[in-house]
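Dear colleague,

Please find the structure below, followed by a summary of what was found in it. I would be grateful if you would read the two side by side.

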4 protein chains.
Amino acid sequence: MSGNSYGKLFTVTSFGESHGPAIGCIVDGCPPGLALSEADLQDDLDRRKPGTSRHTTQRREADRVEILSGVFEGRTTGTPIALLIHNTDQRSKDYSKIMDRFRPGHADYTYTKKYGLRDYRGGGRSSARETAMRVAAGSIAKKYLREQCGITIRACLSQLGPIRIDKRDWDQVEQNPFFCPDADKVAELENYMDALRKEGNSVGARIDVVASGIPVGLGEPIFDRLDADIAHALMSINAAKGVEIGAGFDCVAQKGTEHRDEMTPEGFLSNHAGGILGGISSGQDILASVAFKPTSSLRLPGRSVNLAGEPVEVVTEGRHDPCVGIRATPIVEAMLALVLMDHLLRHRAQNLDVQSGTPDIPASV
Amino acid sequence: MSGNSYGKLFTVTSFGESHGPAIGCIVDGCPPGLALSEADLQDDLDRRKPGTSRHTTQRREADRVEILSGVFEGRTTGTPIALLIHNTDQRSKDYSKIMDRFRPGHADYTYTKKYGLRDYRGGGRSSARETAMRVAAGSIAKKYLREQCGITIRACLSQLGPIRIDKRDWDQVEQNPFFCPDADKVAELENYMDALRKEGNSVGARIDVVASGIPVGLGEPIFDRLDADIAHALMSINAAKGVEIGAGFDCVAQKGTEHRDEMTPEGFLSNHAGGILGGISSGQDILASVAFKPTSSLRLPGRSVNLAGEPVEVVTEGRHDPCVGIRATPIVEAMLALVLMDHLLRHRAQNLDVQSGTPDIPASV
Amino acid sequence: MSGNSYGKLFTVTSFGESHGPAIGCIVDGCPPGLALSEADLQDDLDRRKPGTSRHTTQRREADRVEILSGVFEGRTTGTPIALLIHNTDQRSKDYSKIMDRFRPGHADYTYTKKYGLRDYRGGGRSSARETAMRVAAGSIAKKYLREQCGITIRACLSQLGPIRIDKRDWDQVEQNPFFCPDADKVAELENYMDALRKEGNSVGARIDVVASGIPVGLGEPIFDRLDADIAHALMSINAAKGVEIGAGFDCVAQKGTEHRDEMTPEGFLSNHAGGILGGISSGQDILASVAFKPTSSLRLPGRSVNLAGEPVEVVTEGRHDPCVGIRATPIVEAMLALVLMDHLLRHRAQNLDVQSGTPDIPASV
Amino acid sequence: MSGNSYGKLFTVTSFGESHGPAIGCIVDGCPPGLALSEADLQDDLDRRKPGTSRHTTQRREADRVEILSGVFEGRTTGTPIALLIHNTDQRSKDYSKIMDRFRPGHADYTYTKKYGLRDYRGGGRSSARETAMRVAAGSIAKKYLREQCGITIRACLSQLGPIRIDKRDWDQVEQNPFFCPDADKVAELENYMDALRKEGNSVGARIDVVASGIPVGLGEPIFDRLDADIAHALMSINAAKGVEIGAGFDCVAQKGTEHRDEMTPEGFLSNHAGGILGGISSGQDILASVAFKPTSSLRLPGRSVNLAGEPVEVVTEGRHDPCVGIRATPIVEAMLALVLMDHLLRHRAQNLDVQSGTPDIPASV
């Protein structure tokens, strides 16, 4: 496979450029019989959609997804599900200012060197535009996991620039444009973002994701450990620079007696492991975090080089999220859903008849 | 593929349990014509080998690797290279104390639930014993990358428990048992480790890895981005809990003007991206870090559950690294080598004829 | 991967049902820089299109293909190429006669049992409608192989029912609706087909394919031998029941002295091997043949079973090719092109630097 | 994956040269809990073993297989199973006669051109020696399929040179060195083979294979159809030149009314399809055939070319099967077992909950 497919049994193959006629994907491997319609995908697409508040980019995309195959009389048929979104906001913009130069922090230079040419309109394939299809495909996985297995996946903002959000009230996440789980922090975030926009700058963010209701046993050591595949999936999101499972980098300073999650018949006594032991889910909540870098699309000028190798200055005009990490929240959920769905199918294939006889240890005391 | 293979074109398939007759792997996809002998693999295996100092486990393994195929008259033939290490240290130990109970923080519980049974001798497949094969296979990749492309890969300790190592003198790394790049910190590390061993506890570590001499263009967006595959590979190492590329989690608090690596004809002005833009190598050094958790094998008793679901106490006796992260250094190098080798071959396949005409931007000013 | 993708480096992922809104595919892994437009794909699509003569089905499909991504300013960019064909001939037909019963010789029974439900409109996913996308994707491969490597791929009818076509004049193939390379046989074929249609019956066909200009070295033993992958690709075409390479089943009765293709500096003295030795191309023409069964869609009644397991009679009304093998000709070419393209890229990845020094043996004396 | 792996969920990765220290493979994806020991593999290995009669090569290989991992206390653990056979018959033969020249009909030329060098000892990787590992791995699949699913797989000789064997008495197959299912033909075969050996020539063979007890539903259209994967697997065997499913090439001359297998509640009325409809198993017996070419290793001189491109004569001395197809019988069974096992697991993954409600149609009336 050539880089644009994710998953071995539940496989998403994606296509599309920012300013081409359409973006889309093929979801292959969805079990038959799942009730599915476009409406099931639209909710998450709307959560990711730009232009929903002044804190995200003002690109106006209808983002209406069409299902072109794989669903018959309202149910999946086991054949590939094709999803399509037409790019409606292809204003014939003037790209003369960026077509011959490499925006710093972007993929302009690497795409040009790798492929010998690039679609410079809005970043082309390297634009975060493609993440809409991750969200759409992920919604199918989320629906299956929720309806067939009782698994829920939720993400939220846990840090934006210097502002840490330590309280986690899931009911608040959808009540503000930051996916912030702490209502008391929303005003602070708004002020920070307003100042940032005025400054013309951008900032990074940290997103946490939690999956609950996980069966014991997902993950295929030694290379396709569940945590390794989660790391792959989350790091493949645009602008991601770090991934943690459970205690993550904090475990460097932990002692063994603190980190190891002791077990009792009533449940695990802690969850530093983030729900994964030896690369296999333990039944505890799966906990992961992703670091997103600040966008490099700034109206503050930056030094760069053009196609001829000469020094130039780059200024990005127009609409851009000052914090791309915010809108990554549904993308993070989607990617975790794709990982879990794939591993659920892989686990079923080989461990159908396993009767360990060993009682489950509850997720936590 | 079923979990024990890594890589699409340079593929390592691994087997073996801690206390079975042997461990081994098959390396498929190595280009023909590379000079290769067992001696080429032994150096890195010796660097990983336990028992080299009092700070690592005292398991005595000869770890003599045999090449069973794929090399003829001293050169690789393009056919699969099989590597084998016999387990020489299979003392008929008494496992009656752990065979019926789940060591907290280990994979005992998840393996038993997933597979219905487990090889309880020394952790079986979930033991870090298998990482010897990663190192051996990685040495082949390192040799090819070094000799054919001028790529070097080096890792070192950057934090052990509370002790951060900020100075990086590569010449020091092999001069002490901690892979510590700062000679001035070695005494502090020794004292800390001695106290830890006395206490019967363990601690985490952070390993940094740097690859230099990288060509522009490695990485296959959007899912097989170079950083995503690095995250996969590094997170698949035993005890890994976090992976960072470049600035990693620090980018959360960075502004865009700080993070974006400006470019001049003389070179990049910084490397917060860690050498990867849009999932494709930029020619700068690739920078990554891994967090390793403290081992859970402690002689300090921990609460757990047995096969019948009853509460039990677990005490681990015998030899165990108080900081498994230290010996992970050559494993981190090996995994990064496998990623780069695989991507080098993938890049060659599709971009053979690319003549971008655009001059390279030097790695740094 | 989940069954709807073909190829490891040049990967085609397909979707779509016979009577859904559209069919399409994603071609991932096409090298950048190839000049490509919809017109390049349309020729082969038109060759496959039904309704071009009275000897093929009268379904009227415009089969206009759209390129949705991966091409910028007339050249491939190295990113996935999405192809889409809207199904224009979705007459709201009455399916009540077949929706509850299994047409003998069709996939109705197996799809229903496998997936629990099926899209019964025109065969759904099991219809040969999907082969249009194979042809479109194959055209990209054919163009690359022809322009970059000088490889040509041509197929023709070699047997239809009892009529064998032994003469092979490539110039004739496109001059008649049977892809028949012998002008003298066309009248006989027409008469046979007319009688068959009158009878309400169908018949099988044999298609031969020849690829010329092949470099030595394509194929990845031991499992991904070139001949094994060709067999896979050709047998995956609807209605295929047999595949031969070179002498094929005739080699059963051959002696070794007859079969082995002796070599001289001036060239190979014969080509019983069909251009492949040990799973690797020898530089001779690649020769393969495919047997296609007669279609089972007949207006002559056949015994079958309905969803309730009761005996029923099935009669197929409407337009159907009495010999589906005829129109398979461009599909066979397309599948062979996909195999060769994939192996060309795989070969490049690993054997870039090989300098054997050994002179090539010409394809034939 | 790089050519030496077969299967997506039940994956066999193979290594080893004819005259290297050992051959072996890793079987990844075997479900846990299967009772397995070396004795289970030895039976089929002995059936394939050379030197069992004067009609097969006299190479004396003990072919004692060792299980190095993946089995604990007599049961598979779900971790990779490594199998190893040491090459005991590595007589230090004189290869000076063939090392510089290409045996016609062999892979000498293509390996040399592809890889730039080759292990010329006994054919190296291209030798049929590697098929021993296919047989060993296939035995694991056969055991699982038989014990867990009631599937049996049996192959036999159906043609040797001009001698066709039409009667099929399975009880006779193991009673003679030809795997001939007709006792009355054995004398004729013996005489033919004796004359052939005297002549110094070789001949082709056709092997038929039948799998019974197949569940409905195996196969993953459209590219990983069961028949396509069978074609791949069987054509990947050394010396295979043709594969047929069911009626195979005979279907070219069949009418639709004859070919389509009508169904009644009491069962299918025929099996021209060979048990596969639309790429999915129908529950009928799976029927396939393979054509094997005559070996090119002859003591009768053949014209060829040497490394310098000069004309030479090649004579093969020593032990060689005059009909390699005979011993292919257990290999054909093994490869079909690998295909079915892989598809059984793939089917389970995605179709676990399917309740079609439709009654099964019995395999035949």
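**Salt bridges**

At 16% relative accessibility, E262(B) counts as buried, where buried means under 20% relative accessible area, exposed over 50% and partly exposed in between, with a 1.4 Å probe and protein chains only. Please note that this is a predicted model, in which local features need pLDDT of at least 70, side-chain atom pairs count only at pLDDT 80 or more, and totals for chains, interfaces and linings use all residues. Residues are numbered from 1 along each chain as its sequence is written, chains are lettered from A and ligands numbered from 1 in the order in which they are written, and side-chain values use heavy atoms, with hydrogens and water left out.

E262(B) takes part in a salt bridge with R303(A), with the closest N and O atoms 3.3 Å apart; the term denotes a side-chain nitrogen of Lys or Arg within 4 Å of a carboxyl oxygen of Asp or Glu. This pair crosses between chains, from strand β17 (residues 302-305) of chain A, which holds R303(A), to the loop between α6 (256-259) and β12 (263-264) of chain B, which holds E262(B). Helices (H or I, at least four residues) and strands (E, at least two) are DSSP runs, numbered from the N terminus. R303(A) is partly exposed, at a relative accessible area of 47%.

A second salt bridge joins the side chains of R206(B) and E244(B) at 2.8 Å, N to O. R206(B) belongs to strand β10 (residues 205-212) of chain B and E244(B) to strand β11 (residues 240-245) of chain B, so the pair ties together parts that are 38 residues apart in sequence. R206(B) is buried at a relative accessible area of 17%, and E244(B) is buried at 6%.

In chain A, E130(A) forms a salt bridge with R134(A), their closest N and O atoms being 2.9 Å apart. Both of these residues, E130(A) and R134(A), are buried. A network of salt bridges links D44(A), R47(A), K142(A), E174(A) and E333(A). Over all chains, the count comes to 109 salt bridges.

**Annotated positions**

The unreviewed UniProt entry lists several residues under "binding site", including S126(A), N238(A) and G278(A). The positions are given in the numbering used here, feature names are shortened, and annotations may be inferred rather than shown by experiment.

S126(A) is found in the loop between α2 (108-115) and α3 (131-149) of chain A. Its side chain reaches the backbone oxygen of G123(A) at 2.8 Å. Neighbours within four places in sequence aside, S126(A) is in contact (heavy atoms within 4.5 Å) with A107(A), Y111(A) and N238(A).

G278(A) is placed in the loop between β14 (276-277) and β15 (280-281) of chain A. With a relative accessible area of 21%, G278(A) is partly exposed. Not counting residues up to four places away in sequence, G278(A) touches P221(A) and R225(A) as well as A107(B) and Y111(B).

**A helix and a sheet**

Helix α5 (residues 226-235) of chain A is mostly covered, with 10 of its 10 residues buried.

In chain B, an open sheet of five strands has the order β1-β2-β3-β7-β4, with antiparallel pairing; two strands pair if DSSP finds at least two bridges between them. Its edge strands are β1 (5-6) and β4 (65-67) of chain B, each pairing on one side only. Two bridges join β1(B) to the antiparallel strand β2 (residues 11-16) of chain B, and T13(B) in β2(B) is the bridge partner of S5(B).

With kind regards

Key
Polar contact = N/O pair within 3.5 Å; in protein donor to acceptor, adjacent residues only side chain to side chain.
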